[in-house]
Every structure is written in structure tokens, then in C-alpha cells.
Amino acid sequence: MKLKVLIANLIWFLYSAVRTRIWRRASKNVEVTQEKILRQLLSRNAETKFGQKHSFETIDSVAAFQKAVPVQSYEDIQPCINEIANGTQNVLTADSVQRFGVSSGSTSASKLVPYTKSLIAEFQEGIDPWMYHLMRDHSRILSGKAYWSVTPVGDRERRSSGGIPIGFDDERSYFGKLTQWVLGTVMATPSELALIQDMDAFRYATLRFLLQEKSLSWVSIWNPTFATLFLSPLPKWFDQLIEDIRTGSMSVDLGVTPEVDATIRKALTKSLRRAKELEKIRDEKNGNLYESIWPNLRLISCWAHGNSGEAVKQLKNYFPNIVIQPKGLIATEVFVSFPLRGEASALSINSHFFEFEEVESKIIRLAHQIEVGKKYSVIVTTGGGLYRYRLNDVVEVLGFEAQCPLIRFV
């Protein structure tokens, strides 16, 4: 099993290295790269309802695009999304909408985000260089398993009135085929855990799977508070968790369908050796409990800026000797940037077409025009059918890699 995990990680690393060359070439001429992405999006979607309304076929420049399409909020495009949800095709994209992601809204309870084949490919354009740099700079993670949390807990899949799935029943749906295969091999927990709605049951099941994996080498989550929430009950559950590992069982009711329950429990392992190791850690109480349980854990990727600063400090109390890598700016709708070095994340210039509204002057700039030290609100155009869509996220420009902006989420 260890060899299989190492091979899967190496394949992922080598593939990502090849794909990163595309980003590096693009970083040498950001203006041309971004104009090419915009032209492709407009050409591909010229015959859609939105494209015809805004005369995509006549747009021959970035300036013409900006003149034809006003900056959009979710409320502006919600009528189009409602049409798609009711089953209408060719509204925002020529690509069919495979499912809706769900994101919180500012004035509505939630937002439905159309996911198309093109949008998933755009996400992959950011994931590949992120994984290459992460594995290159922290090569020891190649030999161990990973824990990823992508979808919200209890986010059960449902369908729109037109039959389009809403939400993700499998976290790997965000990724391309190769990444899906790798994650299926190296993930320490089954993705079906996201279907558990009871928080205590979810915490217990997550800990049960993570404790059986001594080789856990890195973790990717969104909010650092998420990790502290499922780690904090460990001391009171430790005895029962050890017994479950000894017997290969899980002594909680997960509250899911019998089929999902069976799938989850099939992934459990029975290990007398691991149970004895955990008993020794529990009884000796030497050093940090969590780092003793996962001696091979090297890195945790999570939000570290904005409102997450205090939660990161709490996470460091659990893992004082482990690298906390600040995530780039990634939302349900878009992949804006990936971690490159320190606090700087690189703009994912091959993913979408980006515009930046300067916070002070309100002047809109393109990716090759933004300046170090200034703060900007992000506006994106994507293969998921968002055109000049305002994210309401603010970034600060820290520098450049070749011509590619390096930004920090504010």
C-alpha cells in the first residue's frame, strides 16, 4: 500500500511538473495569455442566450468586451441561473451544466454556481502548478497519505427542478480525471464522510480514519477552525477510537443510508500494531499529542489571512512544528491564485480572464496592469458562464513572478 501511495504521488508530481511549464510560459506574457483566454470564451459562447444579448460575435478587444458587458453581481445573473436550473440549455455557456456548486451569498441564502467541463479544466490549470510547487518544496509528503476537505459537511446532493445535481457527492468532482484517480489512492478518508450530517458523528468518523493512518503526511482544508473542531474531542474519545482500530470497527451511528454506511465502513482497517502505538502515546504523554500520533505530518494548507489569523494560531498549538501553508484565493466559482512562496500566491493566469478594480480609485485594470502595494477587488470571466463577475474579494499585490502578479488575500 505504501508503494502504491508513493507511485500515485510521484505520477501526480511528474504530471504537474509538465503542466507547470504551461503556466511558466504564460507568465512571461500575461497580456497575450489573458487576451487569448477571453477570445476563446467569447467564441465558444457566442451563440448562447447571454452571448447573443451582449453581441459576443462582434467583440474584437478587451475594451469592447468591457463596453458590451457591465460588471455583474450574482443577483444580476440569477435569472439566467434560474433558467438553467429549470432545464434550459445554452443560456450562459455552450457547454452543458454538469452540476451546481453551492456558495454562500451576500444578499441571498446561497448561490448556485454552474459547473461545466470548461470550468473544471480551468480549476485544474491552478491545481497543477500548486501541486508541483508544494511537492517540490516539501518532497517528504510524497511517501504519505493526504487528508482533503473540500465539500461542506452534510452537503447532500439534491437536484434542481430541471434535474441538474446540486452540490458534490464526491469531493473529487472538482478535479480532472488524473487528479481524481490520485486522490482516490492517497486520500486518508473516504469522500462519503461529507454526507454525514451529525457533527459529532462526522468528527468521530474523521478521527477514526485519520488515526489509522500513521503515514498521514499533509492536510488540505479551507478554514483552520475546521481542523480544530474535529481535533478537540480526541482526548475524550481516544480510548474508544483505539479500541475501534484494534477491532477494525467504528462504534458510532453515522446517520447515513445503508449503502453509504457500508461504503464508509469498508474503508476501515484493523491494526493491533497501530492500536498499541496509540496506547503508548496515550499512556506516556510525552511531547505533543497530535504530532506524536502523526509523526510524518509535514504540512497543513488552509486559509491564513483575513479573518483566519486567530484560528491559525490555535492550529499551531496543535501542530507547533508543522508548516502552515496559506492557501491561495479559491472560491466555489473560481480559482484565482495558488500558493507559491511565503504569503505570496501566484495569479492562475491560465484559469480565467481577470480584471481588478482598484479599491481607492475604482479604476479597473487588467492582470498585466496592476501595481505592487495596491489593493484590488477581483472581477472574473469563466468557462462556467460568469462574465465580469465581481467576487467581492480584495487582494493586495506583493510582487511578480516574471510578469505574473503575486497576490495576498486581504
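This is a predicted model: local features need pLDDT of at least 70, side-chain atom pairs count only at pLDDT 80 or more; totals for chains, interfaces and linings use all residues.
Contact here means heavy atoms within 4.5 Å. Numbering starts from 1 along each chain as its sequence is written, and side-chain values use heavy atoms, leaving out hydrogens and water.

Now the overall picture. The chain holds 14 helices and 15 strands; these are DSSP runs numbered from the N terminus, helices being H or I with at least four residues and strands E with at least two. Because a compact globule of 410 residues would have a radius of gyration near 22 Å, the chain's 22 Å agrees (taken over C-alpha atoms; the rule is 2.2 Å times the number of residues to the power 0.38). Buried residues (under 20% relative accessible area, 1.4 Å probe, protein chains only) make up 55% of the 410.

Seven strands line up as β9-β10-β15-β14-β13-β11-β12, open and antiparallel; a pair needs at least two DSSP bridges. Its edge strands each pair on one side only:

| Edge strand | Residues |
|---|---|
| β9 | 337-341 |
| β12 | 364-366 |

Further in, β10 (344-347) and β15 (404-409) run antiparallel, joined by two bridges, and A346 stands opposite L406 in β15. Helix α1 (2-27) packs on the sheet, touching β9, β10, β14 and β15. The α1 direction makes about 80° with that of β14 (389-401), using lines fitted to C-alpha atoms, for helices over the stretch in contact, with angles from 0 to 180 degrees between N-to-C directions.

Key
Buried means under 20% relative accessible area, exposed over 50%, partly exposed in between (1.4 Å probe, protein chains only).
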